[in-house]
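Welcome! Let us look together at a folded chain, piece by piece, and then at its neighbour.

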Amino acid sequence: MERHLDEKLQELKADILRMGSLVEHAIGASMEALKQLDRDAAEKVICSDKAVDELELSIDEKSLDLLALYQPMAVDLRFITMAMKISTDLERMADLAVDIAQRVLELAGKPLLKPLVDIPQLAVLAQHMTKDALDSFVKADVFLAKKVILCDKDADSLRNKVQAELINDYIAKDKSAVSRAIPLLLIARHLERICDHATNIAEDVIYMIEAKVVKHHQERL
Amino acid sequence: MNNVAFNITRMRASYGNKEVLKGITITILPNSVTALIGPSGCGKSTFIRSLNRINDLIPSFRISGDILYRQKDIYDQETDVVELRRRIGMVFQKPNPFPKSIYENIAYGLRIHGFTIKETLDEIVEASLKKAALWDEVKDNLKQNALTLSGGQQQRLCIARTLATQPEALLFDEPCSALDPISTAKIEELIHHLKKSYTIIIVTHNMQQAARVSDYSGFFLLGELVEFGKTQDMFTAPKDKRTEDYITGRFG
């Protein structure tokens, strides 16, 4: 039986997807801005955050309305509460893309300290994890969600690698490199945090589908 | 087994040739609220009506299985049915006070059970009305005809009447279906308080009510107990697809 609630849940899902696509775009655009040290591109990323913030508010409002008006149960309840959590993660991810863009503004006008190797790789990983987390939500695909969660340790390793290299090979050896190394250190940190949020989304997706809590319990995967 | 109120195994029940309960196995813990949900005709009312043998009044009714209350067979030939119904009280869908005074509604049953001293009756009437959260509203009008009370007050009077005979378990068969939301909230609050002293089973069509008032829930469908477990588990993560479909309004 098709329910009126189903229509509302589809609208909520569409909003999450719209928000997810804006976030994916912001992460990609912030990386392009970094590669080119392009101020205009970085400014655009910063401006694009407003649309994500508005979608977050709209998703929260719609979710609260659905909880109040339909008193959903079981899978519906899990879907709506997870939609609220996922939108919070997506909003934070967009903020982190803005943080990256702000670091680009700090770096612009000076030559890059070193050729970018691991940071773009970490960015690609963050984009893949974000895309897969959202796909797992759309397709209710537990396998894909698990894949995202298992990728998180790769993100941590890459961030550690960037950090070690910048500190040991540059900051420790040349104090004048600090002002150009710190923004890169922070960018690696921002990207790794984006991966953490993608992981949160994947964990929420598993709860939504299977009612199984894997957050803080990776052994349950 | 002392911590079990009802222990029911393979309960089957029928009206004539029509089997309405097809092997129910369930354990009900004392001082808990168990909600039974399911679409009309699924057998949930037959189930609770079997627990204090109200169904005995229907000639074609047949029942089998192990149906134990406090380890005693409810359907044993030696069971004193009047005493059983005192221990396991029942509140029905529609408030059904006697066309007598508020006081007499409660005192009547007590007299049947041998209470005749006026002071004792007064004490029990007051205590029962207090337990049913009605005393403050009626204490100055105990001689008033009970039928002049509102629906919600009448239902609480029926609860007070049931409590007066000092039952151990209370069976509620859709106790709020004829009540407005305020009266419903009062009855739900009352059920919440009563579980400290009584074992409560409630049949309800209102899923939100089941979720609000109960500790355990059972989902009946076509005479079977499809799922039984902690209420919070059933309403957030039911195990059976049929339960999921029912509580999310996909059928029923």
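In the hairpin of β9(B) and β10(B), 2 residues lie between the strands, and B:Leu222 there takes a positive phi near 50°. Helices (H or I, at least four residues) and strands (E, at least two) are DSSP runs, numbered from the N terminus. This is a predicted model, in which local features need pLDDT of at least 70, side-chain atom pairs count only at pLDDT 80 or more, and totals for chains, interfaces and linings use all residues. Residues are numbered from 1 along each chain as its sequence is written, while chains are lettered from A and ligands numbered from 1 in the order in which they are written.

| Strands (chain B) | Direction | Bridges |
|---|---|---|
| β9 (residues 216-221) and β10 (residues 224-230) | antiparallel | 6 bridges |
| β7 (residues 169-173) and β8 (residues 199-203) | parallel | 5 bridges |

You can find B:Tyr216 opposite B:Lys230 in β10(B), and B:Asp173 has B:Val203 in β8(B) as its bridge partner.

Now for the whole sheet: 6 strands of chain B form an open, mixed sheet in the order β6-β7-β8-β3-β9-β10. Strands β6 (88-91) and β10 of chain B are at the edges with a single partner strand each, so one side of each has no neighbour in the sheet.

What about the other chain? In chain B, 12 residues are in contact with 10 residues of chain A (C-beta atoms, placed from the backbone, within 7 Å). On this side of chain B, the elements giving two or more residues are α8 (207-213), α9 (231-236) and α10 (241-247).

Conventions: Pairing = 2+ DSSP bridges. Contact = placed C-beta atoms within 7 Å.
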